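This report describes the fold of one protein chain, from its overall make-up to the packing of its elements. The sequence and the structure are shown first.

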Amino acid sequence: MLRNKEFRQFAILFSFMAAITVILGFAINTAAGILAASSSIAFGTAFFAFTRARYKSLALISAQIDLVLHNADHLYIGESDEGELSILHSEIAKMTLRIREQNEALKKEKIHLADSLADIAHQLKTPLTSVNLIVSLLADSPEGIQKKALLREMEELLERMDWLITTLLKLSRFDAGIVEFKREQTEVNSLIQCALRPFLIQMDLHNMDLQIEVPEGLFIEGDQNWLSEALQNILKNCIESTGGMGRLQIICTDTPLFTGITIHDNGTGFKKEDLPCLFDRFYRGKKADTSGYGIGLSLCKRIITGHGGTITAKNHPEGGAVFTIRFPK
């Protein structure tokens with residue numbers, strides 16, 4: 001306590017006042033002097049005891065804060081009676097809980113980051129290994145037809161790697177919170193046509209049946225480029241699932257509550273155990289023939305929810321998968 005400058009100053013002032021009071025008391029008479037001395041001693045003792053108790057409480061709080069700073073587990077700050085220390089206890093307890101929650105969140109984020117980096121390395125390693133193998137085969141100067149086939153295969157692998165890296169960069173922008181969507185009126189029919197454009201040749205080669213139902217003059221508010229990116233990831237999933245002679249339906253609805261886009265294919269659908277994890281990053285499903293990277297649908301969900309919408313996926317009663325997107329009005 002004596003290390004506290006304010007306490008030392010108060011103790012000196014109190015001693016000086018007590019001494020004057022006792023002297024004046026004895027100057028009046030002996031009884032008054034004894035009463036003044038007794039009162040000063042009693043008041044000083046009570047104040048000293050009270051202050052010492054408060055210092056003990058403050059020392060305990062200080063020790064608890066030190067434990068918080070050193071990431072102690074199972075930290076508990078006891079309750080005090082009503083007063084300033086009680087308020088201080090309460091605030092420190094809140095701070096402790098908040099720090100602990102943030103610490104747990106950081107640990108989970110660290111684990112997630114490590115797992116993500118491992119997944120990225122694994123996803124890039126497979127096509128890179130194939131590219132290296134093709135390069136070694138090309139070094140042996142094969143015949144012209146075989147050489148063209150190897151070059152075509154290498155080009156496809158490089159395109160897949162480019163798509164993977166580009167998509168991961170987009171997801172990292174979402175994680176960093178630096179993505180800003182334009183808020184503009186976008187015609188739904190134009191949006192769907194824009195999303196379909198990269199797949200038209202592929203769908204034509206596979207004789208896929210495409211059905212589109214969009215009410216005239218249907219608009220949603222959002223960023224057409226990003227929304228087109230989201231739809232393309234769904235369409236890519238559906239086209240890969242259906243294969244040759246497939247069917248793809250895109251049906252849009254307009255209600256007083258929301259604008260809906262439903263995409264239905266006649267492919268193999270999803271396994272029941274995959275449904276809760278379809279939009280998780282790097283989740284590739286239980287199918288043995290799954291060749292995707294598990295990031296397209298994750299990016300799609302980030303874009304849709306970033307526009308205030310919702311997206312769900314399930315198996316259609318008639319077979320195949322159905323994706324339902326809703327934008328509230």
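Two strands are said to pair if DSSP finds at least two bridges between them. Helices (H or I, at least four residues) and strands (E, at least two) are DSSP runs, numbered from the N terminus. The model is predicted: local features need pLDDT of at least 70, side-chain atom pairs count only at pLDDT 80 or more, and totals for chains, interfaces and linings use all residues. Residues are numbered from 1 along each chain as its sequence is written, and side-chain values use heavy atoms, with hydrogens and water left out.

**Overall make-up**

The protein has eight helices and seven strands. Of its 329 residues, 31% are buried, where buried means under 20% relative accessible area (1.4 Å probe, protein chains only). Among contacts with a separation of 6 or more, 67% join residues 24 or more positions apart; contact means heavy atoms within 4.5 Å.

**The sheet**

Five strands form an open sheet in the order S2-S4-S5-S7-S6, with mixed pairing. Its edge strands, S2 (209–213) and S6 (310–315), each pair on one side only. From one strand to the next, the twist averages 10°; angles run from 0 to 180 degrees between N-to-C directions, and axes are lines fitted to C-alpha atoms, for helices over the stretch in contact. Two of the pairings are set out below.

| Strand pair | Sense | Bridges | Bridge partners |
|---|---|---|---|
| S5 and S7 | antiparallel | seven bridges | Ile261 and Ile325 |
| S6 and S7 | antiparallel | six bridges | Asn315 and Ala321 |

The hairpin of S6 and S7 has five residues between the strands, and Gly319 there takes a positive phi near 105°.

**Helix packing**

H7 lies across S4 (247–254), S5, S6 and S7, running at about 25° to S5. Helix H7 (residues 224–242) also packs with helix H8 (residues 296–306) at an angle of about 145°, their axes being 9 Å apart. The residues that meet include Trp226, Leu227 and Ile234 in H7, and Leu297, Cys300 and Ile303 in H8. By class, this contact of H7 with H8 comprises nine nonpolar, three polar and one charged residues; Ala, Val, Leu, Ile, Met, Phe, Trp, Tyr, Cys and Pro count as nonpolar, Asp, Glu, Lys and Arg as charged, and the others, Gly among them, as polar.

Helix H1 (residues 5–28) has 24 residues and spans 35 Å from its first C-alpha to its last, close to the expected 34 Å. The expected span is 1.5 Å times one less than the number of residues. Phe7, Ala18, Val22 and Gly25 are buried in H1.

Terms used:
Buried < 20%, exposed > 50% of the residue type's maximum accessible area, 1.4 Å probe, protein only.
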